[in-house]
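Visitor: Could you take me through this structure? I would like to begin with the strands.

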Amino acid sequence: MSTSIDAQQQMYEAYASSYAIFLKNWQIQRQAALDMLEKHLKSNFSKQPEVSSVLSVGPGPGEFDKQLIHFLQQYVPKGQTLRYVTVEPNHVHRQIFEATMQSAGLGEVDLEMHPVTIEDFHTDEQFDCIHYTHSLYHMPNQERQLILKSLNMLKDGGVLVITLETEEAVIFKLMEQYVEIVGNQEYWQESSCVEANKLRKTIDDIGLSYKFETYPEYLDASACFEQNSEEGRVLMDFLFQANLRNASSELNQQLLSLVDEVAFEQNGRKMLYLPTGTFLIPKQ
Ligand SMILES: C[S@@+](CC[C@H](N)C(=O)[O-])C[C@H]1O[C@@H](n2cnc3c(N)ncnc32)[C@H](O)[C@@H]1O
């Protein structure tokens, strides 16, 4: 009989392989958050801004972190090493993250990984930058508490950066439709999944000042429409946040028509619109 720890490990493994396929087909604008951060650093400091420590919440395979480290190294005070702390509960993602960092040619970085959720992470350390990049979806109904906890973990002058898809992203519609058809079969995701517009209400409600920018991103979902495509099957799992391996062919067909309804054609590809927003919240 499998223990709940085994079940969780299996879920992490399934999530990691599905997210890898999603990432491969995702036309994502990582630069947008970096540009906002650059503008913030340059406009809030009279002298050269300095950044010496970062906390990344849910770095996953580390693709964004690699870019962020490269970008922030120019702001590290002379003679110091950038300290980069991560909080990542998924063991597969931690392994991939290590490999990403090793092959990224980053030079000296003081990396520290914590194999826990952000909810279970406790430290007295304070950071110049904390970011949740496409990870807050997995912490439903914790947003308010996590924003306050993160602001407490920032140094004076530090900044919290949160990137999430907006409610117009069609993946939320697909997830909702799945729950309507199948019932609330929780797999990776709880039913109430936070998106940027909902988060904005929470940030406004706390009374924080912030910058917010949205930008378009897309997913090439063509593989879903290819017969017997393993990549398409895994992508369908991610789009519906469900394990469809044992789903009936009728259900798979029904779900594929839902994807077709929200897709648009571009250069013969089936594309999904997944606009994203980044919040930049200074310590206050
Ligand atoms: C969609 S992935 C995003 C990964 C990466 N930041 C990126 O932009 O590609 C979400 C990540 O958040 C992690 N995660 C989920 N729940 C978490 C929690 N409670 N605390 C910290 N990380 C969490 C997942 O394991 C996963 O690696």
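**Strands, helices and the ligand**

Guide: In β6, the bridge partner of I130 is L160. Strands here are DSSP runs of E with at least two residues, helices are runs of H or I with at least four residues, and both are numbered from the N terminus. This is a predicted model, in which local features need pLDDT of at least 70, side-chain atom pairs count only at pLDDT 80 or more, and totals for chains, interfaces and linings use all residues. Residues are numbered from 1 along each chain as its sequence is written.

Visitor: How many bridges join β5 to β6?

Guide: Strand β5 (residues 127-133) and strand β6 (residues 154-165) run parallel and are joined by six bridges. Y132 stands opposite I162 in β6. Two strands pair if DSSP finds at least two bridges between them.

Visitor: And which residue of β5 is the bridge partner of V57?

Guide: The partner of V57 is Y132. Strand β2 (residues 53-57) runs parallel to β5, with four bridges between them.

Visitor: Is β5 buried or exposed?

Guide: Seven of the seven residues of β5 are buried, so β5 is largely enclosed by the rest of the structure. A residue is buried if 20 or more other C-beta atoms lie within 10 Å of its own, exposed if 12 or fewer, and partly exposed in between, with C-beta atoms placed from the backbone.

Visitor: What is the order of the strands in the seven-stranded sheet?

Guide: The sheet is open, with mixed pairing, and its order is β4-β3-β2-β5-β6-β11-β7. β4 (109-114) and β7 (211-215) stand at the edges with a single partner strand each, so one side of each has no neighbour in the sheet. From one strand to the next, the twist averages 15 degrees.

Visitor: Which strands does helix α2 touch?

Guide: Helix α2 (residues 30-43) packs on the sheet and touches β5, β6, β7 and β11 (276-282). The direction of α2 makes about 25 degrees with that of β11. Such angles run from 0 to 180 degrees between N-to-C directions, and axes are lines fitted to C-alpha atoms, for helices over the stretch in contact.

Visitor: Now the other sheet: what is its strand order?

Guide: Four strands form an open antiparallel sheet in the order β1-β8-β10-β9. Within that sheet, three bridges join β8 (residues 218-220) to β10 (residues 269-273), and Y218 stands opposite Y273 in β10.

Visitor: Let us change topic. At what angle do α1 and α4 cross?

Guide: The axes of α1 (residues 4-25) and α4 (residues 91-102) cross at roughly 45 degrees and come within 7 Å. That makes α1 oblique to α4; angles under 35 degrees count as roughly parallel, over 145 as roughly antiparallel, 65 to 115 as roughly perpendicular and the rest as oblique.

Visitor: Which residues meet there?

Guide: Q9, Y12, E13 and A16 in α1 meet H91, V92 and H93 in α4. Two residues are in contact if their C-beta atoms, placed from the backbone, lie within 7 Å.

Visitor: Finally, how many residues surround the ligand?

Guide: There are 20, and the closest are G58, G60, N90, T117 and H138. A residue is near a molecule if its C-beta atom, placed from the backbone, lies within 6 Å of it. The shell has eight nonpolar, nine polar and three charged residues. Ala, Val, Leu, Ile, Met, Phe, Trp, Tyr, Cys and Pro count as nonpolar, Asp, Glu, Lys and Arg as charged, and the others, Gly among them, as polar.
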